[in-house]
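Biologist: Hello! Could you walk me through this model, one question at a time?

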Amino acid sequence: MTVIDPETQAPTWVPEADEDEDTEDMPLSTRLSIADTLTLGNATCGFMAVYFTTTGVLIPHMTGNEDGGMARHSAATAVMLMLLASVFDLFDGLVARKLRSSAMGAELDNLSDLISFGLAPAYFVLVWGMVADGAHQRVSAVAAIVVLLAVVLRLARFSCVTLRDGVFQGMPSPFGALTVVSVVLLGLPFIPTLLAIVGVAWLMVSRVEYPKPRGRLAVAMLSWIVTSMGLLAAWAFEAPGGELLLQTACSLQLVMGAVIPLFATARRVNAFRDNRREARAAEAP
């Protein structure tokens with residue numbers, strides 16, 4: 001507020017209130033909740049997946065100090081960390097619904113998902129294109145960018161589009177990331193692997209509906225993640241039949257990515273038919 005002194009006619013600034021009075025404590029809604037802590041665990045796992053992919057696979061390849069066992073352990077560790085990130089992503093939503101979520105919850109979730117299910121699998125694809133036999137580095141880099149952009153677009157659309165309860169539009173980013181990694185671990189020829197990776201990226205930005213992991217589906221997903229971790233450990237330590245079991249699990253992951261939306265589609269068709277029957281019954285005299 002400006003006050004004019006009648007004698008000097010010079011403006012004098014008078015503070016309206018002390019600065020301490022204007023300073024408020026951080027609102028409770030912006031403080032980290034338990035769910036937010038789980039979300040940060042998700043981001044940490046994604047970053048560490050990139051770390052193990054770099055130090056255990058890429059750097060030894062570039063320096064000529066390749067050790068097949070070390071690369072296998074590091075690749076398995078990176079994928080396990082992505083699986084663990086998906087566990088954090090599963091539970092932070094459950095905890096947020098049961099307890100409370102801060103105002104930052106949704107933003108933290110999107111940023112963490114971008115690291116763990118966008119950057120980490122895209123980087124995994126990029127490194128695969130640099131170290132795999134018969135792969136083409138530049139084409140693999142394009143495929144990695146496609147995966148990353150698909151996750152970016154999917155997360156952006158998820159933030160601004162309201163869908164009916166119980167379904168996702170497009171393959172969820174955690175499921176998509178694990179499917180991309182499964183395609184790489186299958187060890188198929190370069191062209192089929194590349195086409196499968198691009199196909200998964202398309203599913204993530206498509207309008208194909210996937211059910212949300214709730215109830216029995218969440219339990220089934222958690223069981224599948226734990227099983228996948230065990231198979232990765234068996235593969236990393238070269239257990240008898242470990243490679244065959246891992247390839248079987250990767251194949252099942254691809255099959256589930258294609259089959260699961262069929263259940264959501266069938267449910268939607270059945271609901272549509274039921275509504276038509278009810279409408280006809282109501283119109284009948």
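Predicted model: local features only at pLDDT ≥ 70, side-chain atom pairs only at ≥ 80, totals over all residues.

Biologist: Which elements do the buried residues of α5 pack against?

Modeller: The buried residues of α5 include Ala143, Val147, Val151 and Leu155, and also Arg154 and Arg157. An α-helix has 3.6 residues a turn, so residues three or four places apart point the same way. The partners of the buried residues of α5 are α4, β3 (167-169), α6 and α7.

Biologist: In what order do the elements of the protein chain run from the N terminus on?

Modeller: The protein chain holds nine helices and four strands. Of its 285 residues, 39% count as buried. From the N terminus on, the order is β-β-α-α-α-α-α-β-α-α-β-α-α.

Biologist: At which residue does α2 bend?

Modeller: Helix α2 covers residues 34-63, and its 30 residues should span 44 Å at 1.5 Å a residue; the end C-alpha atoms are 42 Å apart, which agrees. Just after α2, Gly64 takes a positive phi of about 80 degrees. The bend in α2 is about 35 degrees, and it falls at Thr54.

Biologist: What does Ile197 touch, not counting residues up to four places away in sequence?

Modeller: Ile197 is among the residues with the most contacts inside the largest nonpolar core. Two of α5's buried residues, Ala143 and Val147, are among the residues Ile197 touches.

Biologist: What volume does the largest cavity have?

Modeller: The count comes to two cavities of 30 Å³ or more. Of the 14 residues that line the largest cavity, Leu83, Ser182, Ser228, Cys250 and Gln253 lie nearest its centre. The elements that give two or more residues to this lining are α3, α6, α8 and α9. The volume of the largest cavity is about 160 Å³.

Biologist: How much space lies in the largest pocket?

Modeller: The largest pocket is lined by 46 residues, with Asp89, Asp109, Phe158, Phe168 and Pro213 nearest its centre. Helix α3 gives the most to this lining, with eight residues. The space in the largest pocket is about 1200 Å³.

Biologist: Is Asp109 buried or exposed?

Modeller: Asp109 sits in helix α4. Leaving aside neighbours within four places in sequence, Asp109 is in contact with Thr39, Asp89 and Asp92. The cut-off for buried is under 20% relative accessible area. At 18% relative accessibility, Asp109 counts as buried.

Biologist: And Glu238, is that residue buried or exposed?

Modeller: Glu238 lies in the loop between α8 and α9. Although Glu238 is not a glycine, it has a positive phi of about 55 degrees. With a relative accessible area of 55%, Glu238 is exposed.

Terms used:
Residues numbered from 1 in each chain as written. Heavy atoms only, no water. Expected span 1.5 Å × (residues − 1). Bend = angle between axes of the 7 residues up to and from the residue. Core = buried A, V, L, I, M, F, W, Y, C linked by side-chain atoms within 4.5 Å. Buried < 20%, exposed > 50% of the residue type's maximum accessible area, 1.4 Å probe, protein only. Contact = heavy atoms within 4.5 Å. 1 Å grid on protein atoms, 1.4 Å probe; cavity = no way out; pocket = protein on both sides within 12 Å on 5 of 7 lines; lining within 4 Å. Points joined across faces, edges and corners; volume = space filled by probe spheres on them.
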